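Here are a few exercises on charged side chains and how they pair up. Grab the viewer and work along.

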There are 2 protein chains.
Amino acid sequence: MPHLLPLADEPAPERADAARNREAILAAALRLVRTQGVGCVTMDTVAAEAGVGKGTLFRRFENREGLMAAVLNESETAWQASVISGPPPLGPGAPPLERLLAFGHSRLRTNLTHAELIAAAGHPGARSAAALSFANMHVRYLLGELGVHGDLLMLATALLAPLEMVVLDQQVNAEHITLERIEAGWDDLVRRVVRA
Amino acid sequence: MPHLLPLADEPAPERADAARNREAILAAALRLVRTQGVGCVTMDTVAAEAGVGKGTLFRRFENREGLMAAVLNESETAWQASVISGPPPLGPGAPPLERLLAFGHSRLRTNLTHAELIAAAGHPGARSAAALSFANMHVRYLLGELGVHGDLLMLATALLAPLEMVVLDQQVNAEHITLERIEAGWDDLVRRVVRA
DNA sequence: AATATAAGCGGACCGTGGTCCGTTTAGCCG
DNA sequence: CGGCTAAACGGACCACGGTCCGCTTATATT
């Protein structure tokens with residue numbers, strides 16, 4: 001019997017070898033994505049590169065999408081940090097409207113930069129609500145600062161939606177709309193929503 | 001040498017057996033989707049059900065997504081018809097704002113209804129720009145009627161974006177937001193954009 | 001009707017994502 | 001330190017999407 005009773009249901013601490021493997025896999029995946037491009041990274045390849053069996057890989061990361069989501073998360077985290085505590089106008093210090101506009105532009109570029117990875121991470125449900133929910137929370141906060149009234153959750157979602165890759169991809173790759181026009185369009189949308 | 005010179009580059013008329021097979025495949029796919037659900041419909045199954053070889057199937061419909069897009073298209077077409085020439089407020093006859101609101105609600109329900117199929121048809125780039133571009137054009141038209149000024153293409157895209165399945169799925173399945181709230185949120189968005 | 005030919009056909013084959021299960025090992029306890 | 005158990009491992013195995021290529025057949029032409 002264990003000395004310390006498990007409080008609530010802790011997700012069971014990861015065994016040392018498990019942790020080591022998780023890191024090895026993530027590192028391998030990151031390396032391969034960088035060198036070969038997302039498309040060429042197969043699960044077998046990653047397993048080989050990480051020096052583990054395929055089974056291990058699938059136990060740590062539920063499936064390919066999960067692995068890609070984890071890889072994507074590396075950069076996502078850095079981006080979130082720069083939103084929370086980076087230099088203005090993206091970070092704190094600038095007036096709310098400027099911050100909101102900067103946020104949109106930054107998100108736009110970031111998404112476009114990681115387009116392949118985002119596609120491979122698939123369905124946002126899989127890539128944890130985390131990313132999406134962070135963005136939503138931040139926009140909601142800025143809308144609040146701007147004195148906007150109404151259902152802020154919905155409003156934030158509406159502002160974020162046109163920045164989703166599904167939409168962006170269509171605009172950029174099928175309709176050949178320039179980045180500038182998309183940015184301008186988004187700015188316009190924001191101004192209409194906040195009635196500035 | 002042919003009697004009639006090909007004007008421009010006609011896409012070469014489909015051979016009779018080819019046409020027959022295309023229909024057989026589509027019918028089989030439709031039947032299977034209805035009875036088994038989208039997830040259980042494999043390409044082999046469809047081929048078998050249609051009584052054709054796998055190769056044939058892949059020649060007619062580039063890939064699984066293409067086939068699903070074709071199946072989806074059946075209902076999509078009917079929906080488009082009801083938008084263009086159905087009864088008001090969705091169809092013509094009602095004032096533009098009412099039509100726009102009705103359009104959003106209808107689109108919302110339709111997307112939710114075909115959620116699985118839309119996911120299986122994947123990437124909107126594949127499911128031809130057609131569907132998306134029809135919706136965009138219609139919204140643009142209604143915005144024009146409403147006397148909205150600005151980059152209507154972008155505005156229409158912004159209004160359509162929150163109705164995309166990626167967004168809806170997140171809201172309904174992860175955040176458990178009610179349909180009514182989503183509708184209300186969209187109505188609010190529309191009113192802000194058109195400044196009604 | 002006979003012939004030519006390009007379009008179409010089908011199913012063997014392949015790569016990749018994902019599962020399963022017999023074997024190994026980390027962590028704990030006496 | 002030796003033994004025990006649950007967790008983790010790894011690679012054989014499977015299913016499904018997608019390709020390839022030798023054979024068949026619709027259609028046009030005479």
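**Exercise 1.** Is Arg31(A) buried, partly exposed or exposed?

*Solution.* Start with the ground rules: this is a predicted model, where local features need pLDDT of at least 70, side-chain atom pairs count only at pLDDT 80 or more, and totals for chains, interfaces and linings use all residues. Residues are numbered from 1 along each chain as its sequence is written, chains are lettered from A and ligands numbered from 1 in the order in which they are written, and side-chain values use heavy atoms, with hydrogens and water left out. Now the cut-offs: buried is under 20% relative accessible area, exposed is over 50%, and partly exposed is in between (1.4 Å probe, protein chains only). Arg31(A) has 40% relative accessibility, so it counts as partly exposed.

**Exercise 2.** Find the salt-bridge partner of Arg31(A).

*Solution.* Look for a side-chain nitrogen of Lys or Arg within 4 Å of a carboxyl oxygen of Asp or Glu. Arg31(A) pairs with Glu49(A), with the closest N and O atoms 2.3 Å apart. Arg31(A) sits in helix H1 (residues 16-36) and Glu49(A) in helix H2 (residues 43-50) of chain A, so the pair ties together parts 18 residues apart in sequence. Helices here are DSSP runs (H or I, at least four residues), numbered from the N terminus. Glu49(A), at 36%, is partly exposed too.

**Exercise 3.** Which residue of chain B does Asp151(A) bridge to?

*Solution.* Asp151(A) meets Arg181(B) at 2.8 Å between the closest N and O atoms. This pair crosses between chains, from the loop between helix H7 (128-145) and helix H8 (152-160) of chain A to helix H10 (residues 179-194) of chain B.

How values were computed: Helix = DSSP H or I, 4+ residues; strand = E, 2+ residues; numbered from the N terminus.
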